[in-house]
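Thank you for coming, everyone. Please take a moment to look over the sequence and the model before I walk you through a few of its parts.

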Amino acid sequence: MESSLPSSQILDCGGSAERKNEAKNYNEVMSTLPKVKGLRGYDYYLYQGFWYDPFFLEGIMSVQDRFNPQSTDIFVSSSPKTGTTWLKALTFAILTRSRLSGSTTSSLLTKMPHDCVPFLEFQLADQNPSYRDLAIPLLSTHVPYKEEEGGGVQKIISMCSFEELSSLEVNKNAEHRTPGISSPIQNSVFFRKGEIGDWANHLTPEMGARLDDIMEKKLKGSGLKLPR
C-alpha cells in the first residue's frame, strides 16, 4: 500500500540527515497503515485505533519515540472544539501570573494562546530542539490567598475573558502559522462570538434537529438529557 505523504515533507522537515532519515522511516510505517481520503484531499491513516493526517501522525510517532516527560512538564489536554484556546490562555495566565503584578506585560497580550502554549506533536514533528524553552515555567497552579485578596484571580479572569482576548490586535488581525501546514490561519477564527444558540445563524432547523437526534442516540442509556 503506497503512502501519499508528500516527498517535500521529508525533504523539508529539518536540516540534519538524522531527522530526514527519521521522517523517511515514519513515511515507511505510514505506507503499511490502512488509509482513507479526507475532505481536504489528504490521506488519513488508521494508527492505534485513531485516524490521523500525515503531519499529525508523524508528530505523534515522534513524541512516542523521543519525548521523555519530566516532573515539571504540564500537559493541557482537551477534546477538539471544547475550548482549547481558552484553556491554554487560562493555563498560561495562571502559571505566569507573577508577571501581571510587575512591569512586564503578559505574552497573551501580544501572542495568541496557541503560540504561548504550543502543541507538543507540532514542535517535535517540526524538529524544534527548544520546544521546552517555549513551555510554561512551572511556578504553582495554586493561587495563594494573599493573591486572591490582592485581586490576582480577577486579573486572570479579566485578561482571559472572551471580550478581552477577542479584542486584542493579535487575535483580530494577525495570523497563526502551524508547522507543516503551508497556509496561515487567521487568529480571529479561534475567537467566535461565544454566544449560546449562535448555531441557528449557521444551521437550518432541520440540521439542528438531526444533530439532536444523533446526540440522543449516542447518549442513550447514559442518563443525560439534552434540552430541546
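Predicted model: local features only at pLDDT ≥ 70, side-chain atom pairs only at ≥ 80, totals over all residues.

In what order do the 3 strands of the open sheet come, and is their pairing parallel or antiparallel? The order is 1-2-3 and the pairing is antiparallel, where strands are DSSP runs of E with at least two residues, helices are DSSP runs of H or I with at least four, both numbered from the N terminus, and two strands pair if DSSP finds at least two bridges between them. At the edges sit strand 1 (35–37) and strand 3 (50–52), each of which pairs on one side only. On average, neighbouring strands of this sheet are turned by 30° against each other, with direction ignored.

Residues are numbered from 1 along each chain as its sequence is written, and side-chain values use heavy atoms, with hydrogens and water left out.

As for the whole, the protein has 11 helices and 5 strands, and of its 228 residues 30% count as buried, which is to say under 20% relative accessible area, with exposed meaning over 50% and partly exposed lying in between (1.4 Å probe, protein chains only).

Strand 1 is joined by 3 bridges to strand 2 (residues 43–47), which runs antiparallel to it, and the bridge partner of Lys35 in strand 2 is Tyr45. Helix 3 (residues 54–66) lies across strand 2 and strand 3, running at about 30° to strand 2, with contact meaning heavy atoms within 4.5 Å, and with angles running from 0 to 180 degrees between the N-to-C directions of lines fitted to C-alpha atoms, for helices over the stretch in contact.

How many salt bridges does the structure hold? There are 2, each being a side-chain nitrogen of Lys or Arg within 4 Å of a carboxyl oxygen of Asp or Glu. Asp43 forms one with Lys35, the closest N and O atoms being 3.4 Å apart, and another with Lys37, where the closest N and O atoms are 3.2 Å apart. Through these shared partners, Lys35, Lys37 and Asp43 are joined into one network. Asp43 counts as buried because its relative accessible area is 6%, whereas Lys35, at 28%, counts as partly exposed, and Lys37, at 58%, is exposed.

Two further places deserve a look. Phe92 lies in helix 4 (residues 84–95) and is buried, with a relative accessible area of 6%; its C-alpha atom is separated by 7.1 Å from that of Val117, 25 residues apart along the chain. Finally, Leu211, in helix 11 (residues 205–218), counts as partly exposed because its relative accessibility is 46%. Together with Ile214, Met215 and Leu226, Leu211 makes a nonpolar surface patch of about 320 Å².

Notes. Patch = residues over 30% accessible without salt bridge, like charges linked within 9 Å, V, L, I, M, F, W, Y side chains within 5 Å. Areas by Shrake-Rupley, 256 points an atom, 1.4 Å probe, with all protein chains shown as cover.
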